[in-house]
Amino acid sequence: MRYAITRQFSQPGEVLQQHVVHVATTNGMRGEVHAAVYFRFDDKGLTTRIEEYVNFIPAGQDN
């Protein structure tokens, strides 16, 4: 498994990150998990919202 951050944006009270997790299993399956996560924080720094989006793409298929 290899993890690569492709984009990261932040401003006061929120963070957005896009990343790809490259996967290779012991049985030979390979692919990528494309993901985006979003966090929003209140004035005290407590998390008020979390969103996550993921898509698995088997090796050999177009993104």
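Which strand is Gln18 found in? Gln18 is found in strand β2. This report starts from the whole chain and works back to that residue. The model is predicted.

**The whole chain**

The protein has 0 helices and 4 strands. From the N terminus on, its elements run β-β-β-β. A compact globule of 63 residues would have a radius of gyration near 11 Å. The protein has 15 Å instead. Its C-alpha trace spans about 45 × 20 × 15 Å along the principal axes.

Buried residues make up 17% of the 63 residues. The protein exposes about 5000 Å². Carbon and sulfur atoms supply 51% of that area. Now take the contacts between residues at least 6 apart in sequence: 21% of them join residues at least 24 apart.

**The sheet**

The 4 strands form an open sheet in the order β1-β2-β3-β4, with antiparallel pairing. Strands β1 (2-11) and β4 are the edge strands, and each pairs on one side only. On average, neighbouring strands of this sheet are turned by 10° against each other, direction ignored.

| Strand pair | Sense | Bridges |
|---|---|---|
| β2 (residues 14-24) and β3 (residues 30-41) | antiparallel | 11 bridges |
| β3 and β4 (residues 47-58) | antiparallel | 11 bridges |

Each pairing has a turn to look at. The hairpin of β2 and β3 has 5 residues between the strands. There, Gly28 takes a positive phi near 95°. The hairpin of β3 and β4 also has 5 residues between its strands. In that turn, Gly45 has a positive phi of about 85°.

Gln18 stands opposite Ala36 in β3. Val37 has Glu52 in β4 as its bridge partner.

Is His19 buried or exposed? His19 has a relative accessible area of 9%. Buried means under 20%, so His19 is buried. Gln18 has 26% relative accessibility. That value lies between the 20% and 50% limits, so Gln18 counts as partly exposed.

Next come the neighbours of Gln18. Leaving aside residues within four places in sequence, Gln18 is in contact with Ile5, Thr6, Arg7, Ala35 and Ala36. Ala36 is also the residue that stands opposite Gln18 in β3. With Arg7, the link is a polar contact between the two side chains, at 2.8 Å.

What does His19 touch, not counting residues up to four places away in sequence? The list is Tyr3, Ala4, Ile5, Thr6, Val33, His34, Ala35 and Val37. Tyr3 has a further link to His19: a polar contact of 3.5 Å joins their side chains.

**A distance to find**

Gln18 and Asp43 are 25 residues apart along the chain. Their C-alpha atoms are separated by 24 Å.

Note on methods:
Residues numbered from 1 in each chain as written. Predicted model: local features only at pLDDT ≥ 70, side-chain atom pairs only at ≥ 80, totals over all residues. Heavy atoms only, no water. Pairing = 2+ DSSP bridges. Helix = DSSP H or I, 4+ residues; strand = E, 2+ residues; numbered from the N terminus. Buried < 20%, exposed > 50% of the residue type's maximum accessible area, 1.4 Å probe, protein only. Polar contact = N/O pair within 3.5 Å; in protein donor to acceptor, adjacent residues only side chain to side chain. Contact = heavy atoms within 4.5 Å. Rg over C-alpha atoms; globule rule 2.2 N^0.38 Å. Areas by Shrake-Rupley, 256 points an atom, 1.4 Å probe, with all protein chains shown as cover. Axes fitted to C-alpha atoms, helices over the stretch in contact; angles between N-to-C directions.
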